[in-house]
Amino acid sequence: MAPQDRLTATLRDAETTGPTPWRTAPLLRVDSLSVSYGPHEVVTRVGFELGRGKSLALIGESGSGKSTIARALLRLLPSGGRATGRVEFDDQEVLALPERRFRPLRGRAIGFVPQDPGNALNPVRTIGAQALEAAALGGEPDTVIRKALVLETFAQVGLDNPQRVYDSYPHELSGGMQQRVLIGLAVLPRPSLLVADEPTSALDVTIQKRILDLLSRLQHELDISLLLITHDLAIAAERADSLVVLKDGVIQEAGRTSAVFSSPASAYAKKLHADVPALNPDRYASLRDPGFRLLDTAAGNAPKIEVSAVTKTFTVGGRILTAVDDVSFSVPAGTTHALVGESGSGKTTTIRLLLGLEQPDTGNIAVAGEQLAGRSQQSLRSVWRHLQFVYQNPFTSLDPTWKVEQLVREPLDRFKIGTRSERAERVREALANVGLGEHLLSRKPQALSGGQRQRVAIARSLVLKPDVIVLDEPTSALDVSVQAEIVEVLLSLQANLGLTYVFVSHDLALVRQLAHTVSVMQRGRIVEHGTVADIFDNPRQPYTVSLLQSIPSGVAGFSRVPHPHLRRIINQEKIA
Amino acid sequence: MTLASTDSASRITVGGRLTALRVPPTVALSFAVIALVIAWSLVPGLFTSHSPAIGIPAHKLLGPSAANWFGTDHLGRDLYTRVVYGTASSVRSALIAVFIGVFAGGLIGLLAGFLGGWVDIVFARLVDVLLAIPKFLLAVIIVTAIGFDTTNAAIATGVSAVAVFARVMRSEVIKTRQATFVEASFLQGGSRWHILWRHVLPNASRSVLPLAVLQFGDSILVIASLAFLGYGDPPPASDWGLLISIGKDYLKWPWLVYAPAFVTIATVLSVNRISRWLRKTD
């Protein structure tokens, strides 16, 4: 390293460190913390430090012990859990503290933002009633002042109409607003530490970004230390000063974000880095390229799927709701078409129409040249023989009382394909295709992990050897590393068997990795469509731009400064 | 048919659970009590050398002792022997009652929940009518109509339990019918009947099983009550309820009531404990 390089490196470090007083004791110091349930140790000798006003992210897949650590810090371990080691908060050892003396800290000095905002608010009480309760923790006896404090905090967390929110019940607010309320309640007593357990995993991408922005802003404005728990390395890298990577309750790697993120040392951190779709848009290029060639040559051929001018309305409580409005797209054989958009944009209704589970009001849908409209159930069955579906949530799409072998064989039994031994052979083949061993044949879904379940679901849709598979957010319930495995399975199946996919997702980074063509949906309409390159490198609609911007880039501050081209579009939008 | 198959399946899982899970001591004790009761009903001769029908008049109304564990009755018959020999009839009639309740109630609930529409409406009104009549009164009416006999008492008890099973089954079926895996099976070419028998029924019956076990205990009580009132087999039959009924005429010799009552209570409590445990482990 040349001397001047070293100088700039030091300068950059100083810049990211920020103007904090040197050599103060850290706010939170965790030293050889272990947590066990009975004889089973789930967290093993974990140690880290978090300075005042700093942020630290705990990263790992489910079961890595990251939430357990958060619970241990808050002393909220479920019964049977036992924590040993040292946890110092504000120079005070808290693990040994009697509950009576810890309680004043929880909620006041240590705030908590839960994972699922839908479960964290009491549905039968107004937001205001719950907020006043939280504000009472601050010790303010006067209700009028407390209410003013609450309204001020609601404005601070970006709720437009604090009084309306104050008077609402939780179900009258969207998920993003609920999470803002919870963050507001957490920062109301001005805690010095905020623990956020996957605060955005239950929310839409664009809302996800706004909530994370809010957390970062509050952290700086109020000088709160932030302990962020997430499975997404890109989010963590974007938002935290330092990272702790966990696997099976053991720290794999820890250090400054810039160091861990740009040059991970441990094998696990490297794998995590490689598995984040946002950071590796061309990871599967070799598997995906055959599809692009098909796309180029497909111009003259009839497409595998043709959806033309389809509209579907529902009547909800007397109001007519247009769920799908004049939607058209076509998918050439052997390629992947992605439908992207936020929840409520009509993606799911579109694919239910495509599967024949709902009938469109107007418009036509053709699969492999066959029209779906007006078919009886019997003739729909013959369509399903070649058109299969993979559900979003593998925890509900497999019958819990059936064994893997029965589950995968079911379509063969129903369509009466082959003899008994041929069926058994095809079941084994399908399971091998998705990378599952024969020892799982006699297991029930309960005894499988989430990733294994989704593989079983994919194997079940493959066993008929269909031409088209419709996938409804097949990885959104799964960890990043499991998602990478599933995506790889899907793409290699496409490369080997020439399958056509319709892929529904709100995760644009993932779409960029695996799709060939994309339709962006907003409020039931397709606002923009084109090849992956068109949409991602040259978006024309502001909505697409905002979706693209919410992809976590892994670089702090980057996502908040739009690309010059994107900025131009946003300005046009403002003028218009 | 289907009932038999779910029955055997449940027995296998119960066996598996016993070895796989750590069974709480009270549950183990309950299983021991039930095992003893079943053994009594299958081979009563192994547990006692006395005769249940022929007594020794000289030994009448003796208190409990090493020779006569529960004492003897007014005809000098060993009460323990009579309880043991009465088990078969009590257990069999309780099983008949549970079978009728599970089968008829389950079928009504399954069809009402799965087919919906007017089928649901018709069955729901029928169930409402059944629920509106007090259970015990309904059993008494039925047994009066079809004749005094332990089997008839069992049938009456079963009919009075139909409504509860229908209600539970219907709500479980409606819950399961909306599950994602049911739609998945439909997309994989499953017909309505296939989905009903292979997906909905097994999932819905998972919560009916603990109820059936609970109902077994309840049926023993109801049948004993009917026998007590004289709606069961006449003496010299020795149903538990009948034994209590006869015992009440000899208030100076309280073991005649206490002994069969204790056996009945122990059995019912054991069954309830097992049912609660089953529901928890599921």
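Which strands of chain A does helix H12 lie across? Hello everyone, let's start there. Helix H12 of chain A, residues 267-275, lies across strands E3 (55-59), E9 (242-247) and E10. Its direction is at about 105 degrees to E9(A). Please keep in mind that this is a predicted model.

Now for the sheet itself. In chain A, 6 strands make up an open sheet, and their order is E6-E7-E8-E3-E9-E10, with mixed pairing. At the edges stand E6 (110-113) and E10 (250-256) of chain A; each has a single partner strand, so one side of each has no neighbour in the sheet. From one strand to the next, the twist averages 15 degrees.

E6(A) pairs with strand E7 of chain A, residues 193-197, in the parallel sense, over 4 bridges. One pair to find on your screen is A:Phe112 with its bridge partner in E7(A), A:Val195. Helix H8 of chain A, residues 175-187, lies across E6 and E7 of that chain, running at about 175 degrees to E6(A).

Over to chain B, and a pair of helices. The axes of H6(B), residues 150-177, and H8(B), residues 192-228, come within 9 Å and cross at roughly 155 degrees. With angles over 145 degrees counted as roughly antiparallel, these two helices are therefore roughly antiparallel to each other. Their crossing is right-handed.

And who meets whom? On the H6(B) side you'll find, among others, B:Ala161, B:Phe165 and B:Met169, while the H8(B) side includes B:Val208, B:Leu211 and B:Ile223. The residues of this contact divide into 15 nonpolar, 7 polar and 2 charged.

Definitions and conventions
Residues numbered from 1 in each chain as written. Chains lettered and ligands numbered in written order. Predicted model: local features only at pLDDT ≥ 70, side-chain atom pairs only at ≥ 80, totals over all residues. Axes fitted to C-alpha atoms, helices over the stretch in contact; angles between N-to-C directions. Parallel < 35°, antiparallel > 145°, perpendicular 65-115°, else oblique. Left-handed = near helix turned anticlockwise from the far one by under 90°. Contact = placed C-beta atoms within 7 Å. Nonpolar A, V, L, I, M, F, W, Y, C, P; charged D, E, K, R; others polar. Pairing = 2+ DSSP bridges.
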